[in-house]
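User: Please take a close look at one helix pairing in this model. Walk me through the packing around it, residue by residue where you can.

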Amino acid sequence: MNLNINKIQIQKQIFSPSLEQSLNVLLLPYAELSINIEQELQNNPLLEAETITETMQDSSIDWQRLEAIANLPSNKNNYSNIEENQEAEYSSMASMMTLEDHLFQQLFWEISDPFKRKIGEFIIGNLDKDGYLSLDYEEIAKCLNISGTSEIREVLDTIQNFDPLGIATKNFKESLIVQLFNRQSPYRDLSITIVESYLDDLGHKRYASLAKKLSVSIEAITEAAHLISQLEPKPAQNYRPLDPSIYIQPDIYIRKDDSGEYIIETNKKGLPILRINQMYQNLLKNQKLSTQERDFIKEK
């Protein structure tokens, strides 16, 4: 038996550690990516996280204005203790019930027609965690294989006036308007106008400018601001979600823009912005740093 040594040329792709890491990260679904980032933050002292706020996450909702509205002065402190206790009791009951159960109960009380109930069930089943509905009439009709949107409009209008008011609206502005339509106040129409067109002025408390634009007194603007501050921007706020442990987080979102084109966006909600700790970066410039310390920092 003869043994021979021969040279053979083979092409083999070898990934660098950084490229291999990048590919592994790209392949991770949303839930696993969140867990991996959290683990890396705990294990790597050089890594820091800056949480993304909802203002940065969702361009379809002006959360800065929403936050400003939430910080406006409120007349709620003027209510009697009895009314406060009743409200607290109701809120506690609401938190024990899922929003879906609460809405389905009202759907069966208010709508007896089986066909319209089917539309209502579809609408309720497609609400997001804040109680908004991103689908428009045509998309609902297409999903349910319905010709025409008149029944859909009727059912949606009914649901939006369920408790909590403003549920199944497209965004927080529409939700506030629905709630205002159900308020009995001399400042209701003024408040609706402000929500529709002047939220930025309201959020920055430019009351004098608003009064001039709308040809009303500053006192009227203040009363309208008080009225708006008593509303709930997120209709589902006081209701327990179905089950947080099984809530599915999508990897991507597909939405239609104003021109009718579809846009695909990766899900970045809850994912932090990562950066290298500045102190360790500066340490690398230190000439007195030992080789072991320098290698540790470079590796991390």
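Analyst: In this predicted model, helix 10 meets helix 11 through Lys173, Leu176, Ile177, Leu180 and Phe181. On the helix 11 side, the partners are Arg188, Ser191, Ile192, Val195 and Glu196. By class, this contact has 6 nonpolar, 1 polar and 3 charged residues.

Now the geometry. Two packed helices are described by the angle between their axes and the distance between the axes. For helix 10 and helix 11, the axes come within 10 Å and cross at roughly 175 degrees. Angles over 145 degrees count as roughly antiparallel, so helix 10 is roughly antiparallel to helix 11.

Helix 11 spans residues 188-197, and its buried residues are Leu190, Ser191, Ile192, Ile194 and Val195. The buried residues of helix 11 pack against helix 10 (172-181) and helix 12 (199-203). They pack against helix 13 and helix 14 as well.

Those last two helices also pair with each other. The axes of helix 13 (residues 207-214) and helix 14 (residues 218-229) come within 8 Å and cross at roughly 110 degrees. The range of 65 to 115 degrees counts as roughly perpendicular, so helix 13 is roughly perpendicular to helix 14. Helix 13 contributes Tyr207, Ala208, Leu210, Ala211 and Leu214. Helix 14 answers with Ile218, Ile221, Thr222 and Ala225. This contact has 8 nonpolar, 1 polar and no charged residues.

Next, the nonpolar cores. The largest has 23 residues, and Ile123, Ile159, Ile167 and Ala168 touch the most other members. Elements that give two or more residues to this core are helix 6 (99-110), helix 7 (114-125), helix 8 (137-143) and helix 9 (150-160). A second, separate core has 22 residues. Its members include Leu190, Leu202, Ala211 and Ala224. Leu190 is one of the buried residues of helix 11. Ala211 is in the helix 13 contact with helix 14.

Back to Ile167. Leaving aside neighbours within four places in sequence, Ile167 is in contact with Leu99, Leu103, Leu127, Gly131 and Ile159, among them. Gln160, Phe162, Pro235 and Ala236 are also in contact with Ile167.

Finally, the whole protein. There are 16 helices and 4 strands. Buried residues make up 30% of the 300 residues. Among contacts with a separation of 6 or more, 62% join residues 24 or more positions apart. The accessible surface comes to about 20700 Å², and 51% of that belongs to carbon and sulfur atoms.

Notes. Residues are numbered from 1 along each chain as its sequence is written. This is a predicted model: local features need pLDDT of at least 70, side-chain atom pairs count only at pLDDT 80 or more; totals for chains, interfaces and linings use all residues. Side-chain values use heavy atoms; hydrogens and water are left out. Axes are lines fitted to C-alpha atoms, for helices over the stretch in contact, and angles run from 0 to 180 degrees between N-to-C directions. Angles under 35 degrees count as roughly parallel, over 145 as roughly antiparallel, 65 to 115 as roughly perpendicular and the rest as oblique. Contact means heavy atoms within 4.5 Å. Ala, Val, Leu, Ile, Met, Phe, Trp, Tyr, Cys and Pro count as nonpolar, Asp, Glu, Lys and Arg as charged, and the others, Gly among them, as polar. Buried means under 20% relative accessible area, exposed over 50%, partly exposed in between (1.4 Å probe, protein chains only). Accessible areas come from the Shrake-Rupley method with a 1.4 Å probe; for residues, only the protein chains shown count as cover. A nonpolar core is a set of buried Ala, Val, Leu, Ile, Met, Phe, Trp, Tyr and Cys residues joined through side-chain atoms within 4.5 Å.
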